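Dear colleague,

Please find below the structure that I am handing over to you. My notes on it follow.

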Amino acid sequence: MLQGRVGAALRVVRENGVGPVSVTTCVVDQLEAKHPDASLDTSATLLGEPASGDEFIFHEISGEVIQKEARFLSGSGGPSGADAEIWKQLLLSKQFRNKALELCESIAALARKLASERVNPKYLEAFVASRLTPLSKKPSSPSG
């Protein structure tokens, strides 16, 4: 859709009988049953000690590395709603002058911090949250 291929997107929906469904009380109830409220993760994954051993490899993550890898992005939008093409535009565009590299540097700094330091899970709530969109998987019930 974001690439202007409206006809192709509609054809996929029509031919497969899948796509967004109307949000009714029944649909919301089914989605809530499948996806319980988020809870604070107290596992060692988030609360444990930072990675040990080859920690130095995380320091090699830089804005330039992020820009290089951004060229290979593909896929649809995640919780942010931004798909790969939007991320490529933000991370690689000359239109924004040095702002694209600054964004890459910020992403690299976040990656290094998450990989090598202890981060309070409370600060990661928005980062790990998800957004549900009910989809019809005929003949099954709505999934999200």
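Is K113 buried, partly exposed or exposed? K113 has a relative accessible area of 39%, so it counts as partly exposed, where buried means under 20%, exposed over 50% and partly exposed in between (1.4 Å probe, protein chains only).

Please note that this is a predicted model, in which local features need pLDDT of at least 70 and side-chain atom pairs count only at pLDDT 80 or more, while totals for chains, interfaces and linings use all residues. Residues are numbered from 1 along each chain as its sequence is written, and side-chain values use heavy atoms, leaving out hydrogens and water.

K113 forms a salt bridge with E117 (a side-chain nitrogen of Lys or Arg within 4 Å of a carboxyl oxygen of Asp or Glu). Their closest N and O atoms are 3.2 Å apart, and E117 is partly exposed at 41%. The count comes to 3 salt bridges. Another joins E102 to K99, with 3.6 Å between the closest N and O atoms; E102 and K99 are 3 residues apart in helix 6 (residues 99-116), so about one helical turn separates them. Helices are DSSP runs of H or I with at least four residues, numbered from the N terminus.

Q67 belongs to helix 4 (residues 63-70) and counts as buried because its relative accessibility is 19%. A polar atom of the Q67 side chain lies 2.9 Å from the backbone oxygen of L91. Of the 144 residues of the protein chain, 17% count as buried.

Yours sincerely

Methods: Helices (H or I, at least four residues) and strands (E, at least two) are DSSP runs, numbered from the N terminus. A polar contact is a pair of N or O atoms within 3.5 Å; within protein, one must be able to donate a hydrogen and the other to accept it, and residues adjacent in sequence count only if both atoms are side-chain atoms.
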